[in-house]
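The following exercises concern a single protein chain. Please work through each task before reading its solution.

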Amino acid sequence: MYQRKLPKEYFCTVDYALDIFGGKWKPRLLCILGNMAPIRYGDLKDEMENISDAALADSLKELQQQGIVKRKQYNEMPIRFEYSLTKKGKSLIPVLDTISEWAVEHSSIDIYHGKHFDKVHKDSFTKD
């Protein structure tokens, strides 16, 4: 995982927020954890559908370092890990829900696909 040599500078509070939960994978990852936690790594990867192991592991590590995601280890054979949101992570859910509502209002159902969309968001488009 990339380590910055200089501290990150923020010029807007939104910069800080998007640095934590923005990007290609983190929003979907947080949405899945908010709807399915606790969840095992393999199940999480299946829900994400098109993410590599490296990208998933890096995103989870970054979110753990920020105090958004917690990883629980079960000492059994084989060793099992479950991921869930921390209290700080759960506080992001209303923010993500607001973003989701905005997207439903300003987009078309035709652009979406995937397991997670079908399970969680698809019905939002059929409401009137």
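**Exercise 1.** Determine where Lys87 lies and whether Lys87 counts as buried or exposed.

*Solution.* Step 1: Lys87 is found in helix 5, which covers residues 87-90; helices (H or I, at least four residues) and strands (E, at least two) are DSSP runs, numbered from the N terminus. Step 2: the relative accessibility of Lys87 is 77%, so Lys87 is classed as exposed. The classes are buried (under 20% relative accessible area), exposed (over 50%) and partly exposed (in between), with a 1.4 Å probe and protein chains only.

The model is predicted: local features need pLDDT of at least 70, side-chain atom pairs count only at pLDDT 80 or more, and totals for chains, interfaces and linings use all residues. Residues are numbered from 1 along each chain as its sequence is written, and side-chain values use heavy atoms, with hydrogens and water left out.

**Exercise 2.** Describe the surroundings of Glu82 and identify polar contacts of its side chain.

*Solution.* Step 1: Glu82 belongs to strand 3 (residues 80-85). Step 2: Glu82 counts as buried because its relative accessibility is 15%. Step 3: a polar contact is a pair of N or O atoms within 3.5 Å; within protein, one must be able to donate a hydrogen and the other to accept it, and residues adjacent in sequence count only if both atoms are side-chain atoms. The side chain of Glu82 has such a contact with the side chain of Tyr74, at 3.0 Å, and another with that of Arg80, at 3.0 Å. Step 4: when neighbours within four places in sequence are set aside, the contacts of Glu82 (heavy atoms within 4.5 Å) include Pro38, Ile39, Arg40 and Lys70.

**Exercise 3.** Which backbone features mark Pro78 and Glu49?

*Solution.* Step 1: Met77 and Pro78 are joined by a cis peptide bond, with omega about -10 degrees. Pro78 sits in the loop between strand 2 (69-74) and strand 3. Step 2: Glu49 is not a glycine, yet its phi is positive, about 70 degrees. Glu49 is located in the loop between helix 3 and helix 4 (53-65). Step 3: with 42% relative accessibility, Glu49 is classed as partly exposed.

**Exercise 4.** Characterise the largest pocket by its volume and its lining.

*Solution.* Step 1: on a 1 Å grid over the protein atoms alone, a pocket is an open set of points where a 1.4 Å probe fits, with protein on both sides within 12 Å along at least five of seven lines; lining residues have an atom within 4 Å of a point. Step 2: the space in the largest pocket is about 880 Å³. Step 3: its lining has 32 residues, and Cys31, Ser100, Tyr112, His116 and His121 are nearest the centre. Step 4: helix 6 contributes the most to this lining, with 9 residues.

Definitions and conventions. Grid points are joined across faces, edges and corners, and a volume is the space filled by probe spheres set on the points.
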